[in-house]
Amino acid sequence: MSLRTPLTPERVTERLSDTGWTGDTVEISRTYAVEYDTAIRIVAAVGVAAIELEHRPDIDIRWDRLRFAMTTHTAGDVVTELDFALAERINEIARQYGAQPL
């Protein structure tokens with residue numbers, strides 16, 4: 001199975017449980033409570049991970065919140081293991097910076 005193979009609804013549910021993200025077979029997302037300046041640093045680190053994985057999350061920065069959302073456009077706008085690979089990297093980066101999942 002390729003990282004870009006669409007996941008079944010059951011597998012998405014399992015992976016959501018593993019990672020703490022929310023979503024469905026179309027998109028996964030997670031929001032963190034974090035100060036704006038720290039959010040900028042997190043986004044820079046996530047950018048490096050995204051480039052390494054050749055995947056691009058949607059990012060929304062607010063004054064006290066940071067939200068990531070993903071789907072695999074190259075697989076037809078569905079959720080794949082690639083989304084979860086980056087989600088796991090984002091979780092680790094956010095943890096390193098003290099961001100609290102909401």
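Modeller: A residue is termed buried under 20% relative accessible area, exposed over 50%, and partly exposed in between (1.4 Å probe, protein chains only). With 27% relative accessibility, isoleucine 61 is therefore partly exposed. The model is predicted, so local features need pLDDT of at least 70 and side-chain atom pairs pLDDT 80 or more, while totals for chains, interfaces and linings use all residues. Residues are numbered from 1 along each chain as its sequence is written, and side-chain values use heavy atoms, leaving out hydrogens and water.

Isoleucine 61 lies in strand S3, which covers residues 58–61; strands (E, at least two residues) and helices (H or I, at least four) are DSSP runs numbered from the N terminus. Apart from neighbours within four places in sequence, isoleucine 61 is in contact with Tyr36, Ala39, Ile40, Val43 and Leu66, where contact means heavy atoms within 4.5 Å. Between the C-alpha atoms of isoleucine 61 and tyrosine 97 there are 15 Å, and 36 residues separate the two along the chain.

Turning to the helices, the axes of H1 (residues 9–19) and H3 (residues 81–96) come within 11 Å of each other and cross at roughly 5 degrees. H1 is therefore roughly parallel to H3, a term for angles under 35 degrees. H1 contributes Arg11, Val12, Arg15, Leu16 and Thr19 to the contact, and H3 contributes Glu81, Phe84, Glu88 and Asn91. By class, the residues of this contact are 3 nonpolar, 2 polar and 4 charged.

Arginine 15, a residue of helix H1, deserves a separate word. Its relative accessibility is 7%, so arginine 15 counts as buried.

Of the contacts with a separation of 6 or more, 69% join residues 24 or more positions apart. Among the 102 residues, 39% count as buried. The C-alpha trace spans about 40 × 25 × 20 Å along its principal axes. The accessible surface amounts to about 5,700 Å², with 52% belonging to carbon and sulfur atoms; this area comes from the Shrake-Rupley method with a 1.4 Å probe.

Notes:
Axes fitted to C-alpha atoms, helices over the stretch in contact; angles between N-to-C directions. Parallel < 35°, antiparallel > 145°, perpendicular 65-115°, else oblique. Nonpolar A, V, L, I, M, F, W, Y, C, P; charged D, E, K, R; others polar.
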